[in-house]
Each structure stands twice: as C-alpha cells, then as structure tokens.
Amino acid sequence: MLHIRLGKQICHEVECTDVKLGYCNWWIPSPYLPLCSLIDGAKTLGILVLLLITSFFPQDVANTANLSSSSSSVTQLCSHDEAAALIQFKSSFSIYPYPRYCNYISDIISYPKTDSWNEGTDCCSWDGVTCDNIKGQVIGLDLSCSFLYGTIPSNSSLFLLSHLQKLNLAFNDFNHSKMSSKFGKFASLSRWLWFARKIPRKHFSPAKTQDAQFRTKCNPQSQSSQVELEQPSRIFGSLIFPFVRINSKFIGEPLTTDGHIPSSLTNLKQLELLNLGDNLLEGSIPDEVSAFPNLNCLGLFSNLLNGTLPSWLYTTSSLEYIYLSDNQFSGHIKEFQYNSLRWIDLRNNKLQGPIPSSISQLLNLTLLALSSNNLSGIVEYGMFSKLQKLHHLTLSSNSLSLNSNGTSVDYTLSNLEYLGLSSCNVSKFPQFLRGSKGLQALDLSDNRIYGKIPKWIRDVGKDSLSALNLSHNSFTDFEQLPKDIRFLDLSSNLIHGDLPIPPLKTDVFIISNNSLSGQISSLICNLSSLELLDLSHNNLNGTIPQCFGNLSKAFFF
C-alpha cells in the first residue's frame, strides 16, 4: 500500500485497492476507480505527485511534501549516493535554536528537520526532502526554519544533488557564507527561495513583514490571498517613534550570506523565483541579455548591491515581481518593454532621473514603491489614471514635483490602501483619493498644502484609515477625522485655536509646532490607548489636567 503524506498532517484519505492517498486542501476527482486502476506503472501517481510538488512552497512553508513508501509494488527509495550526500550535508551544520523568527513571519513552525535524517532509512521519507516518485531521485529540498548553523563551501555535498528542481534554505544562519558559483550548475532548478531574515523588535501594526509578503505574492497557490502590503512604520520611516527607530532594531542573530552574486546563476534558464533578500551581497546584478528568461519573481532586497539595474530587468516578459529595495543601485530606471509587472519595489536606493512613462501602462500593477531615491522631474497625476489595481503607491523623499497641469483629476483609485507622497511638492490634496474607501495609511508630510483639511477626508478610509501624517505643511484647521485613526501627526503646521481632540482610538498624537492656545482640555484623557502625545512648541497655558496621571502607557512632550 502506498501512503502519501503532506507534512505531518493527513487531512483526508482516499482508499483504493492498492493505494491510499492522504491529501490536504486539494481535490481528487470522483469517482476514484479510474485513479486506482491507472496506478499500474505509477504513471497516474506520478501526475499526482507533481500536483503535490507544485505546493513545495505553499503559504505555510512548513508543510513541505514528504513522500514515503511501504509498498512492494511501487519503489520510491532514494539512491545510496544521494542519501549519503544528504547525511554529509547534515553533518556540516550544527543545530542552534535561534528565536523562533519563522513563527513571527508567517506562522511557520521552526524545528530541526534534519533530526529525522538517519542512515539506513529511505531519504524520501525525511522531513524537507521530496523525491521523484518514479526514479527516487531527490528533486526538492526545503530546510527553511531548521535552526541550521554553518557554512556552505564550494565542495559542499549539496552540489551532488544534481536533480534538484526546488531548493529552500530560508531562515537559517549560514554564517557569512560566500555564494558559490556551483549554485548555477543545478540545471533542473526551477524555483529557489533563499533569504535570511532579521525580525523587527517592534511593529507599529500587526502587518506581515515585507519578505513574507513577497513570498506570499510569489506563491502561485496564494495569488488571491489578501496580504497587507506595508505597515505604516515603513511608510513614515523614523517619523513614527523616532526615539525607538523601529526600522533598525532587531532581535536574534544576523543571519547572512555575503559575497557577490555568481554570474553562473544566469545559467538557470528555468528559474522562476530568485530570492536572496536580507543578506550582505555586494557588487552588481549579473547582466546578460539572455539571463533568467522564465523568472517570475526577483527578490534581492536589503543587501549591499550597487551599479545600474540589469538590462534584462526591462525585457523579461515573464517577470511580475521586482523587489530590490534597500540597496545602493544608481542610474536611471529605463522603460519597461512588457506589461506583466504587478509589483515594483525600488525604495531606498540611489536611482536618478525621471519615473519612466511606461509605468503608466502597467495595468496589472498593485505596488509601486520608489521612495527615498534621487528621482527628479515633474510627475503628472494622470500617470496613475489607468492603474486601477494599485494598492500601494509611495514616491516620498525624492526631488519630484506632482502636478495636475492645471486640469481637474477625473479619476479615482478605488483599491488604494497606502499612499506616500512626502516631500513631493504637493500643493493640494490629491483628488483621486476621493474614491479610496479602503485607504489605510496616508503620508502627505513635508509639502506645500495650505488651508483646511478637506471635509471629504472623513469618508476616505472611513473604517480603515489608521495612519495619517500631514506634518510640515500649512494646514490651518481640521474638522472630524476618520474614527479609526491610530497614528496622527499634524506637527509643524499653522493650526490655531484650542487643542483639538483626536478620535478615541488614537495611539500617537503629534501636534507640536503649531499655534494652539488656551488650556489643555481634560477630554484628551478619554484616549485610553494613547502612547505618545506631543504638544510642544505651542501657546498653551494653564495647568496640566490631573487625569494625565491615569494615562500610564503615554509618553508626553
């Protein structure tokens, strides 16, 4: 009897004459008799196993397909050489139980998968190992979140696994291993996930961290899943709790691989996903015209990479997700020659020049993040009119000027959730926000907007807007704001009169450097979840309300 198991859990079973199939979250057609009758020769079973293999990187990476056999009629034992190579690979590492960072990222269970690797047993039954059901060859290796500590030298036995199609070594500590050129010799490799991640000490919101978002977005099994694209602390940077510096404090050890990206990786013509984010990689991205013709997702975020963006980035028509933020790339962003892109994240680099006009034709784009570069030029609001799937737009901290060209903006972005236009020479509230009912975070700080905050802002993100940064403008007054605001920064404006009372759920209220006068109302104490209150540099007088003593979580200025 052949028994197929997903991870450590069997959700359902289908009984045939000589086969028993355990499956989770996938459908076996009825009736089952044709499936059973075609088991002969394992051809149909081979098709079935391929279905399981496509879930090698599911939303829960821990549920890696483990294939085992107890049948005398269908053989699935891995070869002695590959089993020996795996045992040698295991012996090159020690197990060090780091803080369970995988649990923080996306509820992945961290455990030492190699503990199940024992000589004399079928390696196809070992945790993290996937075999071809017909030949018994090791075609998949998922050792993510396995507490591995050590290095991967060029003579590692890993490179003896010549049939590997899928490799995941994420969330381990490879102790500054240099990336060997031998990784480019896995001729069959079609999917590769390898990134070492550090976990922020504190998040402003419970949103998933960016690498988990990237992994989920690039998993074909979860394209329809809802993922929070970016937490407010990422949009506003050090403006949120600048004394804590949320974006630069981490727990646990740095988990890194360094060196250069080997040019041999461009030999992986079938590669669909390349993720080497959050390491210490240096140098430039290999630039060969024919590199990565089938690449769908590229993740090289949070490294020390420099140079210009490679030419193939603009011509690889299969590419949907580009995640190159937090590096030192320079030069211009050139025109994209295809329209399949869904995700462009180039934040925190040294890119120059204008935003390419071809972006306005990327109708499937959901995320465009170009903030904190050296981009320049005039950006017409009309550039975004066709991008109706856009959820996330950040252009902050460049030398850009947004301009309506004297014409009214007659479109809305109904799916927009995050908008960051800090330091973009904006002079009016963007009119396309009127239809953004699901807006979650808005940053219009450090611009030239004058007058009252418009009344219609109450209906923008009425039940969703949690972070609003309007600091460093010339606002004079505001009325009611959305009721779910958690972070509100109105500092360095021209707001006058009595101290306004923000919505009751507000955690952070910054209104320093304005022209407020009069006494501090005790109504401010109704904000029971208040953590930061900054009223400095105003003209307030009188005594501090006694109820401030009851706000035990608050930090006052």
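The backbone nitrogen of Gly277 lies 3.0 Å from a polar atom of the side chain of Asn275. Asn275 belongs to strand β15, which covers residues 273–275. Is Asn275 buried or exposed? Its relative accessibility is 0%, so Asn275 counts as buried.

**The whole chain**

Keep in mind as you look around that this is a predicted model. The protein chain holds 6 helices and 38 strands. Of its 557 residues, 57% are buried. The accessible surface of the chain comes to about 23,300 Å², and carbon and sulfur atoms account for 50% of that. Now think about contacts between residues at least 6 apart in sequence: 55% of them join residues at least 24 apart.

How confident is the prediction? The mean pLDDT of the protein chain is 75, and 70% of the residues reach 70 or more. Two stretches call for care. Over residues 1–75, pLDDT stays under 50, and the model has 140 contacts beyond four places in sequence for this stretch. Over residues 195–212, pLDDT also stays under 50, with 71 contacts beyond four places in sequence. Where pLDDT is low, the predicted coordinates should not be read in detail.

In soluble globular proteins, nonpolar side chains tend to be buried together. Here the largest nonpolar core has 117 residues, and those touching the most other members are Leu141, Leu158, Leu324, Phe384, Leu395, Phe429 and Leu442. Which elements give two or more residues to this core? They are α3 (80–91), β6 (129–131), β7 (138–142), β24 (374–380) and β26 (399–403). The largest share, 5 residues, comes from α3. Apart from this core lies another, of 8 residues, including Leu273, Phe301, Tyr321 and Tyr323.

**Strands side by side**

Strands of a sheet pair through backbone hydrogen bonds, either parallel or antiparallel. One place to look is the open sheet of 3 strands, ordered β33-β35-β37, where the pairing is parallel. β33 (496–497) and β37 (539–541) stand at the edges, each with a single partner strand, so one side of each is left without a neighbour in the sheet. Gly497 stands opposite Leu516 in β35.

In β20, Gln328 is the bridge partner of Asn306, while Ser330 has Lys350 of β22 as its bridge partner.

| Strand | Partner strand | Bridges and sense |
|---|---|---|
| β18 (residues 304–307) | β20 (residues 328–332) | 2 bridges, parallel |
| β20 | β22 (residues 350–353) | 3 bridges, parallel |
| β33 | β35 (residues 515–519) | 2 bridges, parallel |

Where is Asn493? This residue sits in the loop between β32 (487–489) and β33. Asn493 has 5% relative accessibility, so it counts as buried. What does its side chain reach? The side chain of Asn493 reaches the backbone nitrogen of Asn473 at 3.3 Å, and it reaches the backbone nitrogen of Phe475 at 3.0 Å. Leaving aside residues up to four places away in sequence, Asn493 touches Leu470, Ser471, His472, Asn473, Ser474, Phe475, Asn513 and Asn514.

Next comes Asn118, in the loop between α4 (101–106) and β6. At 41% relative accessibility, Asn118 counts as partly exposed, because the value falls between the 20% and 50% cut-offs. Leaving aside residues up to four places away in sequence, Asn118 touches Ile87 and Trp126. Ile87 is 31 residues from Asn118 along the chain, and their C-alpha atoms are separated by 7.6 Å.

Finally, Gly382 lies in the loop between β24 and β25 (392–394). Gly382 has 46% relative accessibility and counts as partly exposed. Gly382 and Tyr411 are 29 residues apart in sequence, and from C-alpha to C-alpha they are 8.6 Å apart in space.

Note on methods. Residues numbered from 1 in each chain as written. Predicted model: local features only at pLDDT ≥ 70, side-chain atom pairs only at ≥ 80, totals over all residues. Heavy atoms only, no water. pLDDT = per-residue confidence, 0-100. Contact = heavy atoms within 4.5 Å. Core = buried A, V, L, I, M, F, W, Y, C linked by side-chain atoms within 4.5 Å. Buried < 20%, exposed > 50% of the residue type's maximum accessible area, 1.4 Å probe, protein only. Helix = DSSP H or I, 4+ residues; strand = E, 2+ residues; numbered from the N terminus. Pairing = 2+ DSSP bridges. Areas by Shrake-Rupley, 256 points an atom, 1.4 Å probe, with all protein chains shown as cover. Polar contact = N/O pair within 3.5 Å; in protein donor to acceptor, adjacent residues only side chain to side chain.
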